[in-house]
Structure formats: structure tokens, C-alpha cells
Amino acid sequence: MGLACLALFIFIVSFPPGLAQDVAHSTLIVHGSETIAETDDNFICATLDWWPHDKCNYNQCPWGYSSVINLNLSHPVLAKAIQAFKSLRIRIGGSLQDRVLYDVGNLRLPCHPFRKIEGSLFGFSKGCLHMKRWDELNNLFSKTGAVVTFGLNALNGRQWIKNNAWGGDWNFSNAYDFINYTVARRYSIDSWEFGNELSGSGIGASVSAEQYAKDLIALKKIIDELYKSSHSKPSLVAPGGFYNREWYAKLLQVSGAGVINAMSHHIYNLGAGVDPHLVSKILDPSFLSQISDTFINLEETIKKHGPWASAWVGESGGAYNSGGRHISNTFVNSFWYLDQLGMASKYDTKVYCRQSLVGGNYGLLNTTTLAPNPDYYSALLWHRLMGKRVLAVSGDAPPSLRCYAHCSKGKAGVTLLLINLSNETKFMIGTHSSVQNLHMEEESVDGGSRVIHGLKKTVSFVGQGSSDAPLFREEYHLTPQGSHLQSQTMLLNGSPLELTRDRGIPPLKPNLVRADSLISVSPLSIAYIVFPNFDAQACA
């Protein structure tokens, strides 16, 4: 018989200077009777951007040679880093996508590389994607199993009107020839995205929702025509901008049923990459929770105006303008990133695209060496452990402990993601299966070991099976090297995660722990906990 809930008893152990040890009791309950949301199979996504090497912010130029145009596709680490996911979704897009011409068909404009032009849109000229390069990219995608989302130029043919506003019909001829070439070559494209950050008042440029919808209808017809003989048809994703309630609603209303398959929006909720308060924002639970309003509002907009569509985070780098130097590529950023993944999935977001796979300060891979940064391993563990079915979590744990639960991926059971944002509190977590809500009164005593020992005698912990044979759970504890939050080296169960001798991704091995023992989550650490024996009806 399936068990409806997994109760997690949280013993909060903190050590304030000069005070006796405090122990407080709280409860978290994972509700396994039904799912509250569901992600796509390829929820984890990373962006390849178009920025040239001379894209600079705050007197630094962190992009190097990492763009769609100039990234070394034969670098020995790149393919291995993508292959480790088996099916990593890669989004090709970014600000300059609306300045890209495709060197194919009847292109009547010169197709030159991006070059800096003061005062032009985004500070660069139009750029060019040659079909030889497109062939090379697709060779990489094919051999690594990547799932591709390609962002199309949505400004082609339009004219600047005033301020950020652009008008006129979209000239689809170049995009038509490019998609036609892609179909003829039998390149696998999961989805086509239309435009980048043109919604609402836009970033650099904007297009009205009515005009955008009209052009999406035209693009949908192109996709239907060119893929009419194909076994599968790519999805249409839009608008890839910042959420604006009125604009998004109007886009769905005017485009009509079945045109947009996924509504994508961007998140940079930490602010500017130069903000000196980035770390404090990342570790502030109340600040992290503020963005939930955006997820809630978008979910409501889709339900009301376009229930045929799903929600995507099409791009998110935390801090904008290339990310925070010595922050976005270090361990501390995983607190923000994993909390975002947990929160987004809870609000029925199907895909979450990280800015970027490589490039800027926020790349999952180091811009120069392509060695993984800490967030790469955080994402890889999510992709391997967290299934697409999302479970509700309730209880009275403090805000500094973030808890997300999913059905485990590829096997029975439930996986928890526990994020400890406190710098002084260690959480000792006991688990108990029950079909009823469980609650424990909070208290503070001197000598936590006595309380915990007493509870062990009175609580039936997960892991006590019908036989005497012990059951085990998997634990993946993530901490920074040297306890330095801004370390670029992540420890898994105390061991540094580094490339192997042959430049491969290291194995991510768990600790096997008796399932009836307490879970310990250290201050400022992250843990994935896999319960293989939790019989959740929603995960059946």
C-alpha cells in the first residue's frame, strides 16, 4: 500500500557565540499522493550566445572565444561536458540573435562578422551565420545527443520608430531559407524560438504584442509547411523576453490557439553583475522568494489566455551584464541557481535555460579551459536525480532551509533537494512515513543529543522494512573547497570535483547511508537525498 506523505523532522542545531547549544524541532512533509507540477524530460538547458570576444561590461571582457560563431567545437572537454547529460537542451540565442543574418538562399545583404559600432543596437553591427558553421554545430549536437532550441532573428525587415519601439512586418525570407536548409540537411531541431527580449518595453528594442502575434502566425505556417513531410515537427517558443502581464496576455489572445507551444521569459533577479551585494542577495531567503510572483503571474496568464501553451525560462543568469565576477562562476551561485530550478519546477515551468553554457562570468564551463564551474555539477546532479514529477512540501521549517521534492529520475522513490542558507545552523533531519500530518512543538533545550536519542525510540523512520535487512539511501552533499563560498571548486561528499586524467567529467558518486539514520545538512551547504524505498503514489 502506497504511503501518502514523507515527514521530515528537522532538528535545528545552532551554535551562537557564548551560548549553550540550541535544539528546536520542526517538521517538513513531502506529499506523495499527487504531483503539483511536471517539468519537461529535458528541463535543464544552457545557452550558447552570440557575443563576440570584445563584448565588455564594467571594464572587463569575460566572453573570450565562447560564442556560437567562434567557440572551439573540437575542444576535448566540450563534447564530454554535453554528453554527460545524455540529452542536454542547448538554446542558441541572446541579445544579438536579432542582428544575425543566415548566409543561405537569396540573401541580398552582405553577411559579415559582428563588429563594434558605437550607437548601434546593442553596440554591434549585424552578424552572420555561415552554413559551414551551422553544419559544424549540428555535427557537435548530433554526436553529443543535445536537444536544440534555436532563437530566430525577429527584427529582420522592421524599422526603428522611436525610443525602443520597432514597427513593420517581419521579413521572414531569410529565416525561411535557413529553416528550409536545416530541414533539407535533416538536422534535428526540437524548437524554434522567435526573438529575444522584445516584449513589453524591450531591452534595446521592442515590438508590439499585436505585431509580434501576427508574425508568429506567419512563422507557424512556415514551420507547418517545411516540416509537413517530417516525422516530427518542432515546437514554437516565444517571446523570450521579460514578463509583462498585459503584453503576454495580448500575445496569446491575438496569436490564437495552438500557435505558441511555449511562452518563454527571462530572469535576472539578482540585478547588475557589478552589484556589491550579490552574495548577500543570494543568501537571503526572502529575497530569493520575491521572484515567485513572476512564476505565479505567468502561470495564471497562460491558464487564462493560452492553456495550450507551457511556461519556459528561456534565459536566466542571475546577474545581468555577463554576471558577477568571482561570484556567478563560484560555489555560492549554486544557492541561487538550484533554488531557481526548484522554484521554477514547482510552478509548472517545463524548461529552464541557464545563461550560459560557456561565456561571460556565469558560464557553466570556464570560458578559457572549459573546465566545469560549480553550477555545472549542480545542474548535472539535478538532471540525473530529479524526475519530472514535482511533489508538494509543507511544514514549519525556517526560511533558511529550502526544500524541494521530485519523484526520482529513472527509478522508484523520491529525491529531495535541501539548501541550507544559514551560516550557523546545522540541520539534523529525521524521516518518517505517514498518511497523516505530523507536527512537533518547537522547544529549546541544552543538550541536543538527548532529544534526538529519545526521538529515535519513538518514531518509525523510513528505512525500516519488513525484514531485518537495513535499507540505504543515497546522499550527495555539496560544499565549497576550503569552506570558501567563492571557491570555483565544489566538493561532493568532501572530495573535489575535478576533470579526470583524460579530461572527462568525474563520476558523481553518492554516500550510501542507512535510511533510518538522521540526515545532516551543514551550514551553507546543499544536499540531494535519494530515498529509493519511499512508495509515493504520484511516482508510481
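Start by selecting C407, which is buried at a relative accessible area of 5% (buried means under 20% relative accessible area, exposed over 50%, and partly exposed in between, with a 1.4 Å probe and protein chains only). Before you go on, note that this is a predicted model, in which local features need pLDDT of at least 70 and side-chain atom pairs count only at pLDDT 80 or more, while totals for chains, interfaces and linings use all residues. Residues are numbered from 1 along each chain as its sequence is written, and side-chain values use heavy atoms, with hydrogens and water left out.

**The disulfides**

For the element names, helices (H or I, at least four residues) and strands (E, at least two) are DSSP runs, numbered from the N terminus.

How many disulfides does the structure hold? There are four, and with the bonded cysteines of the chain numbered in sequence order, the pairing reads 1-6, 2-3, 4-5, 7-8.

Select C111 and C128 next. Their sulfur atoms are 1.9 Å apart in a disulfide, and the torsion about the S-S bond is about 100 degrees, so this disulfide is right-handed. The pair links distant parts of the chain: C111 is in the loop between β5 and β6 (127–130), C128 is in strand β6, and 17 residues separate them. C111 is buried, with a relative accessible area of 13%, and C128 also counts as buried, at 7%.

Then move to C56 and C61, another disulfide, whose sulfur atoms are 1.9 Å apart. Here the torsion about the S-S bond is about 95 degrees, so the disulfide is right-handed. Are these cysteines buried or partly exposed? C56 is partly exposed at 29% relative accessible area, and C61 is partly exposed at 44%.

**Charges over rings**

Stay in this stretch of sequence and show K55 with W51. The charged end of K55 sits over the ring of W51, 4.2 Å from its centre (the rule asks for NZ of Lys or CZ of Arg within 6 Å of the ring centre and within 35 degrees of the ring normal). For another such arrangement, select R354 and Y337: the charged end of R354 sits over the ring of Y337, 4.6 Å from its centre.

**Aromatic pairs**

A pair of aromatic rings is described by the distance of the centres and the angle of the planes. Rings of Phe, Tyr and Trp (its six-membered ring) pair if their centres lie within 6.5 Å; planes under 30 degrees apart count as stacked, over 60 as edge-to-face and the rest as tilted. By this rule the count comes to 26 aromatic pairs.

Pick Y102 and F178, a stacked pair with 4.3 Å centre to centre and 15 degrees between the planes. Y102 belongs to strand β5 (residues 100–103) and F178 to helix α3 (residues 173–184), 76 residues apart, so to speak a link between distant parts of the chain. Y102 is buried at a relative accessible area of 2%, and F178 is buried at 0%.

Select F150 and W192 next: their ring centres are 5.7 Å apart and their planes stand at 65 degrees, so the pair is edge-to-face. This pair also links distant parts of the chain, with F150 in strand β7 (residues 147–152) and W192 in strand β10 (residues 191–194), 42 residues apart. Both F150 and W192 are buried.

Which residues form one aromatic cluster with these? Show W50, Y102, W134, F150, F178, Y187 and W192 together to see it.

**The nonpolar cores**

Keep W134 selected. Leaving aside its neighbours within four places in sequence, W134 is in contact (heavy atoms within 4.5 Å) with I92, L129, F141, F150, F178, Y181, T182, Y187 and I189.

W134 is also one of the residues that touch the most other members of the largest nonpolar core, which has 130 residues. A nonpolar core is a set of buried Ala, Val, Leu, Ile, Met, Phe, Trp, Tyr and Cys residues joined through side-chain atoms within 4.5 Å. Helix α4 (residues 209–226) gives the largest share of this core, eight residues. Another core lies apart from it, with 23 residues, among them V30, A397, V521 and F531.

**Last stop: R473**

Finish at R473, in strand β21 (residues 472–480). R473 counts as buried, at 0% relative accessibility. What does its side chain reach? The backbone oxygen of S517 is 2.9 Å away, and the backbone oxygen of L518 lies 3.1 Å from a polar atom of the R473 side chain.

Terms used:
A disulfide is a pair of cysteine sulfur atoms within 2.5 Å. A polar contact is a pair of N or O atoms within 3.5 Å; within protein, one must be able to donate a hydrogen and the other to accept it, and residues adjacent in sequence count only if both atoms are side-chain atoms.
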